[in-house]
Structure formats: C-alpha cells, structure tokens
Amino acid sequence: MKKICLGTMINLLHKARKRKSDQARDVCRRIFAAFDCSIDSYAKELPSHLKSGHDPVPKELFDNARDFDEETVNQGVKKHILEGIAENKREAIVRAIKDILDDDTDMLPSTTVGHH
C-alpha cells in the first residue's frame with residue numbers, strides 16, 4: 001500500500017484548514033485525536049518537526065494507526081480531522097489523497113477513500 005508521510009498529511013490539512021488562525025499544532029492535535037492520542041505530552045516543537053519531516057511519527061500514534069480497525073479510523077477522521085477542514089476544500093483534499101493512492105496495487109478497488 002502506498003503511504004502518505006505524516007508531514008505531507010499535516011501540510012495538506014494545514015493548507016485546507018477552516019480557521020486561518022490554526023497552526024501546525026492544531027492540525028496535529030486533530031490527527032492525534034483521530035487515533036486516540038494527545039500531542040500535549042510532547043515537546044512544543046514536535047508539530048513543526050513532524051510537518052517538516054524532521055522527526056519520526058511518535059510510537060503511540062504509529063501503533064494506533066496500524067492497529068485500529070477501519071471503522072474506528074473512519075469515525076476518528078470524521079470527528080476530529082474533517083471538522084478542521086474548510087468545507088469548500090474537503091473535496092480537493094480527498095481528491096489529492098486519492099491521487100496519491102491511485103496507483104496502489106495492494107489496495108482493493110472496493111476500499112473507500114473519502115467521506116460520503
């Protein structure tokens with residue numbers, strides 16, 4: 001399966017944020033919350049380091065992202081991540097992610113990517 005690095009995801013979500021006052025930390029807080037994690041226990045520099053690709057994904061987030069079932073991830077994304085994306089940019093973000101995953105030979109054609 002193709003993977004989108006966390007830094008790329010943070011950058012995409014930051015560009016599409018609903019509130020222009022939101023910073024990388026706010027975007028990261030939403031991503032972490034979608035996987036039942038909190039960014040507040042990490043150094044304040046972590047969001048910018050994740051956004052730039054300087055730091056690796058924290059183990060707790062990595063483990064939860066790997067271990068959560070599809071429905072739990074879907075619910076977390078809907079509850080925490082989508083709320084931070086401007087409505088007029090949601091379709092473009094989903095299309096951008098789908099484009100990255102489009103030539104993935106391991107993903108089943110029936111796999112849903114996006115919000116219905």
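**View 1. Helix α4 and its packing partners.** The buried residues of α4 pack against α1 and α2. In this predicted model, helix α4 spans residues 59–67, and its buried positions are Leu61, Asp63 and Asn64. These three lie on the same side of α4, because the arc they cover around the axis is only 165 degrees. Lys59 and Arg66 are exposed on the other side of α4.

**View 2. Helix α1, a mostly covered element.** Seven of the ten residues of α1 are buried. The buried set comprises Leu6, Gly7, Met9, Ile10, Leu12, Leu13 and His14.

**View 3. The largest nonpolar core.** This core contains 23 residues. Those with the most contacts inside the core are Ile10, Leu13, Ile31, Phe32, Leu50, Ile85 and Ile93. In soluble globular proteins, nonpolar side chains tend to be buried together.

**View 4. Contacts of Leu13.** Setting aside residues up to four places away in sequence, Leu13 touches Val27, Ile31, Ile81, Ile85 and Ile93. Leu13, Ile31, Ile85 and Ile93 are also listed among the core residues with the most contacts inside the core. Leu13 itself is one of the buried residues of α1.

**View 5. The largest cavity and its lining.** One cavity of 30 Å³ or more is counted in the model. The largest cavity holds about 60 Å³ of space. Its lining consists of Leu13, Arg17, Val27, Arg30, Ile31, Ile81, Gly84 and Ile85. By class, five of these residues are nonpolar, one is polar and two are charged. Helix α2 gives the most to this lining, contributing three residues.

**View 6. The chain as context for the close-ups.** The protein chain has six helices and zero strands, and reads α-α-α-α-α-α along the sequence. Of its 116 residues, 34% count as buried. Among contacts in the chain with a separation of 6 or more, 58% are accounted for by residues 24 or more positions apart.

How values were computed
Residues numbered from 1 in each chain as written. Predicted model: local features only at pLDDT ≥ 70, side-chain atom pairs only at ≥ 80, totals over all residues. Heavy atoms only, no water. Core = buried A, V, L, I, M, F, W, Y, C linked by side-chain atoms within 4.5 Å. Buried < 20%, exposed > 50% of the residue type's maximum accessible area, 1.4 Å probe, protein only. Contact = heavy atoms within 4.5 Å. 1 Å grid on protein atoms, 1.4 Å probe; cavity = no way out; pocket = protein on both sides within 12 Å on 5 of 7 lines; lining within 4 Å. Points joined across faces, edges and corners; volume = space filled by probe spheres on them. Helix = DSSP H or I, 4+ residues; strand = E, 2+ residues; numbered from the N terminus. Nonpolar A, V, L, I, M, F, W, Y, C, P; charged D, E, K, R; others polar. Arc of directions from axis to C-beta.
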